[in-house]
Amino acid sequence: MTESRRREAETRDAPGGDAALLGFARALRAAGVDASAERVHAYLRAVDQLRPGMRGDVYWAGRLTLCGGRDDLERYERVFAAYFGSAEPAGHAVAAAARPRLRLLTREGAVPRPGAGPERHPGPPAATLASSTEVLRHRDVGGLDAAEREQLRRLLAAFTLRGETRRSARRRPARRGQVDPHRTVRELLRRGGEPARLRRNARAERPRRLVLLVDVSGSMTPYADALLRFAHAAARGAPTEVFTIGTRLTRVTRELSHRDPDLAMAALAAAVPDWRGGTRLGELLREFLDRWGQRGMARGAVVVILSDGWERGDPELLGTQMRRLHRLTHRVIWANPRKARPGYAPLAAGMAAALPSVDAFVEGHSLAALERLAAVVRGDGAADLVEGADRA
């Protein structure tokens, strides 16, 4: 185990300090920034050399070590503002993050004296502010107050969901792979028969279609907003289809196409007629398969069902339709917010009938759980696969 991975493992569950900064790095990964273990280790070392209590130092240490390209900068700005807050409390030292060439420190109008050592200012350090966000990542969404829900929404707005890829029949130029005879011959002809490097190609990769079925029934009311914002993040990426399920099946892919999450939620609220109603999972799943899934939407796709599994209809119908869905898709993932509760067992009739046809059964009660769900969707969440005991 490398030093960076060992340090991350040791501090993952710590209440503050490095654990809060590691939580920020995980939030960056969820937003699509390639914050590798080596970059995270460099980030922690940079913060140690600077001042963890200075928001500006934490900002620049992360920007210079965690970002690998220009595309990462915008994501970094969004995640940093959501994680550490968009503004520093009055009276605390603030670094001027807007101008990279200037590093001005102000505290109640005082100007640092030349040659003076770094002054330690009282007040909550940036790591402590991040610790509150790190705690929020693991909090049950159903128990958040209004301010915490607003902070959660900012974090979800910075979220990016990349789906699983598959190899297509098309081939693309590559450095390694099979020899491409057509391109090789054309290169030889262009050179007048002189020796030339062999041209090669490889199978191209395409993203798999992602289909999300989000339960908006009464029992899912505390979690519906967060799950729909998660679906909005997915809809901004690879080919994605989103449906709401309750007493009716509603396709909301177009409503979630708005870039602004608040506009998307407003459009979705106007389009969905069955908020906080009952749940007819079996009938609605049959409707989805008959109308869209069987015709191609579900074929080879990754289907994610976000529901607590409460079924008002016939559980046998749900079991039959789940087996039918499983035959069509590449993988079926079920995210249940109730799974995180102590002593939970899939005893509800609907959940018990559906589980034998589920490839991965995960939690969906918190931001950290949604990040793990995103890892399962990408295909690298093998640790969350359904265990044999759960399938029984």
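In which sense do strand β10 and β11 pair, and over how many bridges? The views below are of a predicted model, in which local features need pLDDT of at least 70, side-chain atom pairs count only at pLDDT 80 or more, and totals for chains, interfaces and linings use all residues. Residues are numbered from 1 along each chain as its sequence is written, and side-chain values use heavy atoms, with hydrogens and water left out.

**View 1. The open sheet of six strands.** The strand order is β8-β7-β6-β9-β10-β11, with mixed pairing. Strands are DSSP runs of E of at least two residues, helices runs of H or I of at least four, both numbered from the N terminus; two strands pair if DSSP finds at least two bridges between them. β8 (249–251) and β11 (360–363) are the edge strands, each pairing on one side only.

**View 2. Strands β10 and β11.** β10 (residues 331–336) pairs with β11 in the parallel sense over four bridges. A335 stands opposite V362 in β11.

**View 3. Helices across the sheet strands.** Helix α9 (residues 221–235) lies across β6 (210–215), β7 (240–245) and β9 (302–306), at about 165° to β6. Helix α12 (residues 315–328) lies across β9 and β10, at about 130° to β10. Axes are lines fitted to C-alpha atoms, for helices over the stretch in contact (heavy atoms within 4.5 Å), and angles run from 0 to 180 degrees between N-to-C directions.

**View 4. D314 in the loop between β9 and α12.** The side chain of D314 reaches the backbone nitrogen of E316 at 3.1 Å. The C-alpha atoms of D314 and L281, 33 residues apart along the chain, are separated by 8.9 Å.

How values were computed:
Polar contact = N/O pair within 3.5 Å; in protein donor to acceptor, adjacent residues only side chain to side chain.
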